[in-house]
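Reader: I am new to this structure and would like to understand the words used to describe it. Could you take me through them, setting each value against its definition?

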Amino acid sequence: MADYYEILHTVGFEETNLVGNVYYVNYVRWQGRCREMFLKEKAPAVLEEVRHDLKLFTLKVDCEFYAEITAFDELSIRLRLEELTQTQIQFTFDYVHLTDEGERLVARGRQRIACMRGPNTATVPSRVPEQLREALAPYTVDRKGE
């Protein structure tokens, strides 16, 4: 089993700029999509909590770019758990260009979220739901090799 959660994506023309390479904001969109699909597939009960009073606030997003990609390139967006505290989660995202010749890392991103509950005027930090903790466990970044 892979140590990452993966979604596959084919780049479309609408995701490129006038020069023809992928416009940078799409990498952040793909992070969000990967996170959403992870919740849908691996932690559906958490989505039900989001429909009630759980809020997943994005605190920080970043992305480093190593190579350009263009329309119709095939990508694997790979989510891993980097850090888990009582109320926050930090993910890493690898953007891997898939070709007949192999794989090439084209970008790496991070995203930090906080779990919150309560009405919008009185939202407070909340523990990361247990089902989410359990769903993330297989995708933990191995820091021993770093």
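Author: What follows is a set of questions on terms, each answered from a value and its cut-off. This is a predicted model, in which local features need pLDDT of at least 70 and side-chain atom pairs count only at pLDDT 80 or more, while totals for chains, interfaces and linings use all residues. Residues are numbered from 1 along each chain as its sequence is written, and side-chain values use heavy atoms, with hydrogens and water left out.

Reader: Why are α1 and α2 called roughly perpendicular to each other?

Author: Helix α1 (residues 25-42) and helix α2 (residues 44-52) pack at an angle of about 110°, with their axes 5 Å apart. Angles of 65 to 115 degrees count as roughly perpendicular, under 35 as roughly parallel, over 145 as roughly antiparallel and the rest as oblique, and α1 and α2 are therefore described as roughly perpendicular. The helices themselves are DSSP runs (H or I, at least four residues), strands being runs of E of at least two, numbered from the N terminus; the axes are lines fitted to C-alpha atoms, for helices over the stretch in contact, and the angles run from 0 to 180 degrees between N-to-C directions.

Reader: Which residues of α1 and α2 meet?

Author: From α1 there are L39, K40, E41 and K42, and from α2 there are P44, V46 and L47, contact meaning heavy atoms within 4.5 Å. The residues of this contact divide into four nonpolar, no polar and three charged.

Reader: What makes N21 count as buried or exposed?

Author: Buried means under 20% relative accessible area, exposed over 50%, and partly exposed in between (1.4 Å probe, protein chains only). N21 has a relative accessibility of 13%, so it counts as buried. This residue lies in the loop between β1 (5-10) and α1, and the side chain of N21 makes polar contacts with the side chain of N17 at 2.9 Å and with the side chain of E68 at 3.1 Å. A polar contact is a pair of N or O atoms within 3.5 Å, where within protein one must be able to donate a hydrogen and the other to accept it, and residues adjacent in sequence count only if both atoms are side-chain atoms.

Reader: How do you know whether T16, V28 and F72 are buried, partly exposed or exposed?

Author: T16, in the loop between β1 and α1, has a relative accessible area of 18% and is therefore buried. The side chain of T16 also reaches the backbone oxygen of F13 at 2.8 Å. V28, in helix α1, has 39% and is therefore partly exposed; leaving out residues up to four places away in sequence, V28 touches V61 and Y95. F72, in the loop between β2 and β3, has 53% relative accessibility and so counts as exposed.

Reader: What is the phi of F72?

Author: The phi of F72 is positive, about 75°, although F72 is not a glycine. Most residues other than glycine have a negative phi.

Reader: Which residues touch the most other members of the largest nonpolar core?

Author: They are W30, F38, Y95 and L132, in a core of 34 residues. Such a core is a set of buried Ala, Val, Leu, Ile, Met, Phe, Trp, Tyr and Cys residues joined through side-chain atoms within 4.5 Å. The largest share of this core, six residues, comes from α1.

How values were computed: Ala, Val, Leu, Ile, Met, Phe, Trp, Tyr, Cys and Pro count as nonpolar, Asp, Glu, Lys and Arg as charged, and the others, Gly among them, as polar.
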